[in-house]
Amino acid sequence: MVQLKYIKRVVLALSNSPVYGGQAQLEGVMFGGKEHTITAIRRNDDSIDYYHYKKVQNPILQKLKKIPLVRGVVALIESAGLGSRHMQFSGDRYDITPGEEEEHKEEGSRLQMILGVAVVGILSFLFGKFAFTLIPVFIADFFSKWIEGKTGQILLESGIKLFLLLTYLYFISLTPLIKRVFQYHGAEHKVINCYEAGMDVTVENVQAQSRLHYRCGSSFMLFTVFVGMFLYFFVPTDPLWLRILDRILLIPVVLGISFEVLQATNACRNIPVLRFLGYPGLWLQLLTTREPKDDQVEVAIASFNMLLQVEQQPEIAATLNHD
């Protein structure tokens, strides 16, 4: 009974507090609240530049975000669109000297010009999810002569999916550019952890925090592997065409359930007997985050503080870069 009361207090505390999330960018960090998103990047002259984008408050989407399972899919699609806008800003400016943006501005791709940056980001997200889901199916089917039966095929398929995920993350983390992005990812988590701990968001306090966070999208990616494996036991694996169809149709279900699992593990992170449920996701973050340097933490703090200022004084947003 005491444990249940504790869980209830944690859930109520989380629901009554502002929830902030973020994404690492090229030489910067994006933070988002209920209505606003802010990116701060370090320019090549050591200055900090900002980008603001206000979330579109669509009444239909707001209603969908309140429906369990459905809200996860909506949140992910929205995140992909927002992330693309901010990534384009950071990609266009981080290595360009302030004042020379127009000289270096490249013409966008034809697809971006026709559909827009946000739509291209969403399409990229969906394409990646389809590829990540279906490639293991074909590889597992190739080995069906040696590993037969539904259980063996599902375990093999899920194992391949996990292997591809870990291998991909490991090798991209070796590149200098992505390594720095992962450092900013760590800085983002540290700022959120510092804020949620009720401490002053200073470089010293932020650096003392963990670079891991229960609510991270990296954890979500790992949960999709295990949730998918569980769901696949309830649908046929033969013939191959039906297996492919099942995997495609289950993508939104896997995403929706994985989002709820992510939220649940975050709500339980302060409960000793339940916090271990989020450990696998935290372990994956050892690949997707790196310890940031002080100057990178300064950028993350600048982004977060600007978001708080814009929330208090929305008129400030007009002075920032925006669409």
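Leu212 touches His189, Asn193, Leu282, Gln285, Leu286 and Thr289, leaving out residues up to four places away in sequence; a contact here means heavy atoms within 4.5 Å. You'll find Leu212 in the loop between helix H9 (203–207) and helix H10 (217–232). Leu212 and Thr288 sit 76 residues apart in sequence, yet their C-alpha atoms are 9.4 Å apart in space.

Keep in mind that this is a predicted model, where local features need pLDDT of at least 70, side-chain atom pairs count only at pLDDT 80 or more, and totals for chains, interfaces and linings use all residues. Residues are numbered from 1 along each chain as its sequence is written, and side-chain values use heavy atoms, with hydrogens and water left out.

**The chain as a whole**

- The chain has 13 helices and 5 strands; these are DSSP runs numbered from the N terminus, with helices being H or I of at least four residues and strands being E of at least two.
- Of its 323 residues, 43% count as buried. Buried means under 20% relative accessible area, exposed means over 50%, and partly exposed is in between (1.4 Å probe, protein chains only).
- The accessible surface comes to about 17,100 Å², and 64% of that belongs to carbon and sulfur atoms. Areas like this come from the Shrake-Rupley method with a 1.4 Å probe, and for residues only the protein chains shown count as cover.
- Take the contacts between residues at least 6 apart in sequence: 71% of them join residues at least 24 apart.

**Salt bridges**

- The structure holds 12 salt bridges, each being a side-chain nitrogen of Lys or Arg within 4 Å of a carboxyl oxygen of Asp or Glu.
- One of them pairs the side chains of Arg93 and Asp49, at 3.1 Å from N to O. This pair links distant parts of the chain: Arg93 is in helix H3 (residues 70–93), Asp49 is in strand S4 (residues 48–54), and they are 44 residues apart. Both Arg93 and Asp49 are buried.
- Arg243 and Glu157 also meet in a salt bridge, at 2.8 Å from N to O. Arg243 lies in helix H11 (residues 240–267) and Glu157 in helix H7, so the pair ties together parts that are 86 residues apart in sequence.
- Are these two buried or exposed? Arg243 counts as buried because its relative accessibility is 1%, and Glu157 counts as buried because its value is 0%.
- Glu291 forms a salt bridge with Lys190, with the closest N and O atoms 3.2 Å apart. Glu291 is in the loop between helix H12 (279–288) and helix H13 (294–312), Lys190 is in helix H8 (residues 176–196), and the two are 101 residues apart.

**Around Thr237**

- Thr237 is in the loop between H10 and H11. With a relative accessibility of 6%, Thr237 counts as buried.
- Setting aside neighbours within four places in sequence, Thr237 is in contact with Lys150, Ile154, Arg243 and Arg247.
- Arg247 in turn lies over the face of Tyr232, at 3.7 Å from the ring centre. A charge sits over a ring if NZ of Lys or CZ of Arg is within 6 Å of the ring centre and within 35 degrees of the ring normal.

**A nonpolar patch and aromatic rings**

- Ile135, Ile139, Phe142, Phe143, Trp146, Ile147, Phe163 and Leu164 form a nonpolar patch on the surface, with about 800 Å² of accessible area together. Patches are made of residues with over 30% relative accessible area and no salt bridge, where like charges are joined within 9 Å and nonpolar side chains (Val, Leu, Ile, Met, Phe, Trp, Tyr) within 5 Å.
- Helix H6 (117–142) and helix H7 (150–172) each supply at least two of the patch residues, and H6 gives the largest share, 3 residues.
- Ile147 is in the loop between H6 and H7 and counts as partly exposed at 31% relative accessibility.
- A search of the whole structure finds 11 aromatic pairs. One of them is Phe142 with Trp146, a tilted pair at 6.4 Å centre to centre and 50° between the planes.
- Rings of Phe, Tyr and Trp (its six-membered ring) pair if their centres lie within 6.5 Å; planes under 30 degrees apart count as stacked, over 60 as edge-to-face and the rest as tilted.
- Phe142 is exposed at 58% relative accessible area, and Trp146 counts as exposed at 61%.
- Tyr20, Phe31, Tyr195 and Phe304 form one aromatic cluster.
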